[in-house]
Amino acid sequence: MAVEPSQPEQPSPPPSPPEPSTPGTVRPGGRTARVRAAVLRATEDALVEHGFSGLDLGDIAQRAEVGRTTVYRRWGSTTALVTDLLADMAEQSLPRTDSGSLAGDLRANARLVQRTLADPRQGALFRAVIVAANCDPDAAAALRHFYRRRVEEWAPCVTAAVERGELPPDTDGFEVVRAVSAPLYYRMLTTAEPLDEAAADRAAEAAEAAARAGAFRHRGD
């Protein structure tokens with residue numbers, strides 16, 4: 001979406017209140033939100049095409065059709081862009097599925113992760129942000145926040161399974177959900193093998209079996 005094309009400037013409107021100085025911080029709605037959306041979409045495109053090492057603020061500004069000074073002032077670095085992109089991804093994440101059974105819920109979670117990582121655009125994007133997280137502590141913190149939000153969204157399916165008597169009462173929901181997605185990320189990052197629904201279903205079934213056997217019960221200190 002064209003937000004601030006490069007063209008002769010028109011007479012300036014009345015001054016607005018000062019914009020937040022924190023990179024990517026925005027007021028809801030309005031021009032600031034439109035600029036942020038355009039810049040983050042451009043950041044996604046650049047990450048997918050070139051990876052984190054090819055990210056450039058000037059290129060992002062050109063892709064988003066906003067002024068270079070806007071991008072430099074509001075974000076200031078490529079890692080700040082990635083950090084804000086991860087925050088936006090966390091905000092936009094899909095809600096969990098409630099199938100009524102632990103097996104169904106874990107399978108739904110695994111297949112959601114599988115579809116995301118197998119998608120040519122989303123898979124490339126996640127590989128790029130993982131690289132960014134290994135290069136910068138702020139990006140790493142943002143990635144941890146993203147995954148914490150996703151685990152918090154899905155952990156209640158384990159709580160519900162405990163209440164139905166499917167799992168031991170002290171089962172750690174966070175550990176179960178992490179166990180579902182971990183094999184899928186490992187497969188994506190370490191092999192060239194297809195990341196298909198069969199792989200997702202195996203991950204879900206393995207996590208369910210381990211949870212039923214008590215592998216994810218809370219451990220005392």
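Reader: Which residues form one aromatic cluster?
Author: This is a predicted model, where local features need pLDDT of at least 70, side-chain atom pairs count only at pLDDT 80 or more, and totals for chains, interfaces and linings use all residues. Residues are numbered from 1 along each chain as its sequence is written, and side-chain values use heavy atoms, with hydrogens and water left out. Rings of Phe, Tyr and Trp (its six-membered ring) pair if their centres lie within 6.5 Å; planes under 30 degrees apart count as stacked, over 60 as edge-to-face and the rest as tilted. The one cluster consists of Phe126, Phe146, Tyr147 and Tyr185.

Reader: How many aromatic pairs does this rule give?
Author: The count comes to three aromatic pairs. Phe146 and Tyr147 form an edge-to-face pair, 5.1 Å centre to centre, with 80° between the planes. The total asked for is three.

Reader: Is Phe146 buried or exposed?
Author: Buried means under 20% relative accessible area, exposed over 50%, and partly exposed in between (1.4 Å probe, protein chains only). Phe146 has 7% relative accessibility, so the residue counts as buried.

Reader: What is the angle between the planes of Tyr147 and Tyr185?
Author: Tyr147 counts as partly exposed, at 26% relative accessibility. Tyr147 and Tyr185 form an edge-to-face pair, 5.6 Å centre to centre. The angle between their planes is 85°.

Reader: Which parts does the pair of Tyr147 and Tyr185 tie together?
Author: Helices (H or I, at least four residues) are DSSP runs, numbered from the N terminus. Tyr147 lies in α7 (residues 137–154) and Tyr185 in α9 (residues 173–190), so the pair ties together parts 38 residues apart in sequence. Those parts are helix α7 and helix α9.

Reader: Which residues does Phe146 touch, not counting residues up to four places away in sequence?
Author: Contact means heavy atoms within 4.5 Å. Phe146 and Ser93 are 53 residues apart in sequence and 9.1 Å apart in space, C-alpha to C-alpha. With that sequence exclusion, Phe146 touches Leu86, Met89, Ala90, Ser93 and Phe126.

Reader: Where does Glu65 lie?
Author: Most residues other than glycine have a negative phi. Glu65 is not a glycine, yet has a positive phi of about 60°. Glu65 lies in the loop between α2 (57–64) and α3 (68–74).

Conventions: Helix = DSSP H or I, 4+ residues; strand = E, 2+ residues; numbered from the N terminus.
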